[in-house]
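Hi everyone, thanks for making time.

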Amino acid sequence: MSLATDSDTICAIATPPGRGGVGVVRVSGPLAKSIANTLLHFDPNPRHAHYSSIYDASGELIDQGIVIFFPGPNSFTGEDVLELQGHGGSFVLDRLLKETVQCGARLARPGEFSERAFINDKMDLTQAEAIADLIESSSEEAARSAMRTLQGEFSSLINTLGTSITELRVYIEASIDFSEEEIDFLTEGKTNETLQGIIEQTDAILAQAKQGTILREGMSVVIAGKPNAGKSSLLNSLAGRDAAIVTDIAGTTRDTLIEQINIDGMPVHITDTAGLRHSEDVVEREGIKRAMKAIASADRILLLVDAAKDPVTLETLATYLTEIGLETLLEEHQLDRLSIIYNKIDILSETPSIVHLHDDKHSIVNIKLSAKSQDGLDLLRQHLKDCMGYSPSGEGGFIARRRHLDAMLRARSHLVDAQNQLLGSREGELVAEDLKHAHRCLGEITGEFTTDDLLGKIFSSFCVGK
Ligand SMILES: Nc1nc2c(ncn2[C@@H]2O[C@H](COP(=O)(O)OP(=O)(O)O)[C@@H](O)[C@H]2O)c(=O)[nH]1
Ligand SMILES: [Mg+2]
């Protein structure tokens, strides 16, 4: 770790902007104690909740509230920390903040309190990230999982894996020194067995981490199709409220509209779009442009069609997509993101179903439902979970980020390289080298090995005051 904490004292309003019952100003650094003296006119006891008046430099009363002083290292950041819990009005809090700056503190950057906690070894990087993820979690399941990561469950799995890798490397390096025995030792099955066990352990953590990233990032779904197919009705049914306007007038929806829902804890961002058709109307054309943009980036595209009017099949799909301007979906792998939804089966008195439409090149899921009567919506919900490979874990899941997955995948590929060396060339030194790389990748996850750039990127996405 090369990043060092500076000796500045930092301050920030830790509560959200606006009015609230209580508002908190947080101060961390060497001046925290003298700031307390100046603002409170007395020396607070460590970790004691004082009900106190808070004054400005001229002695005028600014506010009254609870103040707590945490001497380092037993504080959130590991430094001296002062918390001023005043009344939650923006002018009061601004004045408190200004006074702390007058006393020599500077305004904290986003995430700077957490960054200091990390640098002072109060928590590792996954735990610091979990704080931000807990604050931003968009479902109960996500919040629970973030809490587990914050408790260190993810880090402890990574650390255990790292220890196993190091032990194997040390064992291999020790035997390299006895070169006559090296061959015997590398050919005996035990080394490979241990390595195989480590790879399997990595896969198990990877599978859990993948669930964790779904919980954190959620799934983006876009509902697309011709005007009047029932797109807005489907959005409303999934959201459980009348979010979008539904009429039988084609072209009602002209802008994209996003609703956040969750399916068994999986956060889903659903976008309703303007109906796709040729239009001379400027507003509608802009809406269609926005729809295209949403379609381009979605995890899943639901092509909604009126079952009675447009029973699209695999044979007619290409023509149909071209007709509504979605021919780009015919390009390589784009159809993998598409599901065809037959809506309005209530009119045809059909029952809901889910089938795969096959030809020699494609297999596309086809769901029959009714957005109006809500029959078949459960099939759609299950299908969306299946698309992401989401399986709610109940107990024991933890939150993870894409960055963690990337690092784990790189670690895994070094482990596989090590195994290939072991079974192929049998060069002990090369095996040890691969194991070292694998360990390094795991260290990036917990922050044992990181660059200042990466840390800057991670902490700057936090909120101010955290
Ligand atoms: N019978 C029936 N009508 C539906 C269904 N879904 C939507 N509609 C009707 O189709 C019309 C267009 O619906 P809307 O959701 O605005 O379609 P959009 O233009 O694709 O957003 C409205 O009159 C809806 O009430 C359905 O499942 N069954
Ligand atoms: Mg609509």
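**Overall layout**

So, the protein chain here has 16 helices and 13 strands; those are DSSP runs, H or I over at least four residues for helices and E over at least two for strands, numbered from the N terminus. Its radius of gyration is 29 Å, well over the 23 Å that the globule rule gives for 466 residues, so the chain is more spread out than a compact globule. That radius is taken over C-alpha atoms, and the rule is 2.2 Å times the number of residues to the power 0.38.

Quick housekeeping: this is a predicted model, where local features need pLDDT of at least 70 and side-chain atom pairs count only at pLDDT 80 or more, while totals for chains, interfaces and linings use all residues. Residues are numbered from 1 along each chain as its sequence is written, and chains are lettered from A and ligands numbered from 1 in the order in which they are written.

Along its principal axes, the C-alpha trace spans about 80 × 80 × 35 Å. The chain is divided into domain 1 (10-124), domain 2 (135-215 + 401-447) and domain 3 (218-388), with bounds from an automatic or database domain assignment. Between domains 1 and 2, the C-alpha centres are 42 Å apart.

Now, the sheet. Six strands make an open, mixed sheet, ordered β3-β4-β5-β2-β1-β6. Strands pair if DSSP finds at least two bridges between them. At the edges are β3 (50-55) and β6 (106-107), each pairing on one side only.

β1 (residues 10-13) and β2 (residues 20-28) run antiparallel, joined by four bridges, and Ile10 faces Ser28 in β2. β3 also pairs antiparallel with β4 (residues 61-70), over six bridges; there, Tyr51 is opposite Ile66. In the hairpin of β3 and β4, five residues sit between the strands, and Gly59 has a positive phi near 95°.

Last stop, the ligand. Which residues come nearest to ligand 1? Of the 20 around it, they are Gly230, Lys231, Ser232, Ser233 and Lys372. Near a molecule, by the way, is when a residue's C-beta atom, placed from the backbone, lies within 6 Å of it. The largest share of the shell, three residues, comes from α9. Both α9 (231-239) and α12 (345-348) supply at least two residues each. The shell divides into five nonpolar, ten polar and five charged residues. Nonpolar is Ala, Val, Leu, Ile, Met, Phe, Trp, Tyr, Cys and Pro; charged is Asp, Glu, Lys and Arg; the others, Gly among them, are polar.
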